[in-house]
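Good morning, and thank you for coming. Please look at the sequence and the structure on the screen while I speak.

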Amino acid sequence: MDAPEPDQTPFATVSAQTSRLGRIYQSYLDKSTPYTAYRWIGTGVLLLLFFLRIVLAQGWYIVCYSLGIYLLNLFLAFLQPKIDPSLTQDEGLEDGDAGSSLPTKKDEEFRPFIRRLPEFKFWHSATRAIAISFFCTWFSIFNVPVFWPVLVVYFLILFSLTMRRQIQHMIKYRYVPFSFGKARYNQRSGH
């Protein structure tokens with residue numbers, strides 16, 4: 001007496017469920033796209049809960065430090081243009097790609113600032129990293145004993161040096177990665 005063969009293998013069933021959950025997750029991400037302020041408020045609350053967990057538990061400083069380094073890396077990618085003007089100035093003339101650099105003179109054509117890491121991907125990666133870090137604080141294997149003031153000082157030095165270099169780069173190549181403070185022109189009908 002042979003048992004009837006199942007329609008799907010267990011691997012195919014798990015794969016189908018994973019695919020279905022991925023589509024549901026992606027649909028929620030797509031629906032949250034226009035709500036920038038609410039997304040960042042939620043991420044801020046999650047980060048506050050993470051810091052509260054670190055302070056109250058008095059541990060997991062290495063997880064917090066790793067998260068800080070990762071968020072700094074994301075922030076730097078968010079501030080940088082997709083096409084680095086320093087590279088296109090040095091190497092663009094050889095490749096014939098000098099036209100893709102940012103304008104530096106008044107008579108050059110305007111090119112919009114395109115980020116290396118778009119805002120939505122920055123938010124998604126930061127939120128996911130904070131959630132994973134928060135999850136890691138519930139396992140003692142990640143509670144490596146370290147002298148936390150050294151990590152704080154090292155992070156502050158790293159942050160200040162990196163941001164100084166980034167701001168100098170922004171001044172040298174004349175780009176501003178933020179839209180506030182820039183001139184806005186009203187479109188009038190008939191002009």
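Predicted model: local features only at pLDDT ≥ 70, side-chain atom pairs only at ≥ 80, totals over all residues.

A residue is called buried when its relative accessible area is under 20%, exposed when it is over 50%, and partly exposed in between, using a 1.4 Å probe and protein chains only. By this rule, buried residues account for 26% of the 191 residues in the protein chain.

Residues are numbered from 1 along each chain as its sequence is written, and side-chain values use heavy atoms, with hydrogens and water left out.

Let us begin with the overall fold. The protein chain has 6 helices and 0 strands; here helices (H or I, at least four residues) and strands (E, at least two) are DSSP runs, numbered from the N terminus. Contact means heavy atoms within 4.5 Å. Of the contacts in the protein chain between residues at least 6 apart in sequence, 80% join residues at least 24 apart. The chain exposes about 14,600 Å², and carbon and sulfur atoms supply 64% of that area; accessible areas come from the Shrake-Rupley method with a 1.4 Å probe, and for residues only the protein chains shown count as cover.

Which two side chains meet in a salt bridge? They are those of Arg39 and Glu119, at 3.1 Å from N to O. Arg39 lies in helix H2 (residues 36–57) and Glu119 in helix H5 (residues 119–136), so the pair ties together parts that are 80 residues apart in sequence. The structure holds 1 salt bridge, meaning a side-chain nitrogen of Lys or Arg within 4 Å of a carboxyl oxygen of Asp or Glu.

The backbone oxygen of Ser32 lies 3.0 Å from a polar atom of the Arg39 side chain. Leaving aside residues up to four places away in sequence, Arg39 touches residues including Phe120 and Trp123.

How values were computed
Polar contact = N/O pair within 3.5 Å; in protein donor to acceptor, adjacent residues only side chain to side chain.
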